[in-house]
Amino acid sequence: MTWALGDNQARAFVGNIKAEKIAQGDQVIWTRVAAKNPSGVAVSNTETTLSWTDDAGIELGFIIDRALDSAFTVDLNTSSVAANEQIFSDNGLTHNTTYYYRVKGDYPSGQVSDFSSTVTITTLNLVAPPSPASATGTSNSSISLSWVDN
């Protein structure tokens, strides 16, 4: 274990994973979070973008979990990105659906960091407009509109 001391924190490297000392009440714990400050946005009705701060050190890449519940037990899908990537675009999603994401660092020798905090993103509720619309004059003061509901 290698130590590095800062103002009010201590950092250590356990293998290749950066660990950070955090005080919780009377207890001190070590966390190994590689992806800090995750956030996300719905780009469209079928796409989200997740981003984070790379605090991993020498990772092989990042592993991203997506699920339909915050316990990550419903429709769990796992993806990955290369080392130093800090953005993940998720495509082919269902409109107006809430997705839960978390990120962890992937290290040599099969080591992984702890998961980041969970990010919740709901895709946009955009539906296709009706088409084709047509208007027919039925009298001097009225028209008839028709369309196909998509």
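## A look at the core and a few side chains

The largest nonpolar core in this predicted model has 17 residues, and those with the most contacts inside it are Leu50, Trp52, Phe62, Ile64, Phe88, Tyr101 and Val103. A nonpolar core here is a set of buried Ala, Val, Leu, Ile, Met, Phe, Trp, Tyr and Cys residues joined through side-chain atoms within 4.5 Å. Strands E5 (35-42), E6 (48-54), E7 (61-67), E10 (98-106) and E11 (119-122) each supply at least two residues of this core. E10 gives the most, with three residues. Strands (E, at least two residues) are DSSP runs, numbered from the N terminus.

A word on the ground rules: residues are numbered from 1 along each chain as its sequence is written. Local features need pLDDT of at least 70 and side-chain atom pairs count only at pLDDT 80 or more, while totals for chains, interfaces and linings use all residues, and side-chain values use heavy atoms, with hydrogens and water left out.

Arg102 has its charged end over two rings, as listed here. That label needs CZ of Arg (or NZ of Lys) within 6 Å of the ring centre and within 35 degrees of the ring normal.

| Charged end | Ring | Distance to ring centre |
|---|---|---|
| Arg102 | Phe72 | 4.0 Å |
| Arg102 | Phe115 | 3.9 Å |

Then there's Ile143, in strand E13 (residues 143-148). Ile143 is exposed, with a relative accessible area of 56%; exposed means over 50%, buried under 20%, partly exposed in between (1.4 Å probe, protein chains only).

Key
Helices (H or I, at least four residues) and strands (E, at least two) are DSSP runs, numbered from the N terminus.
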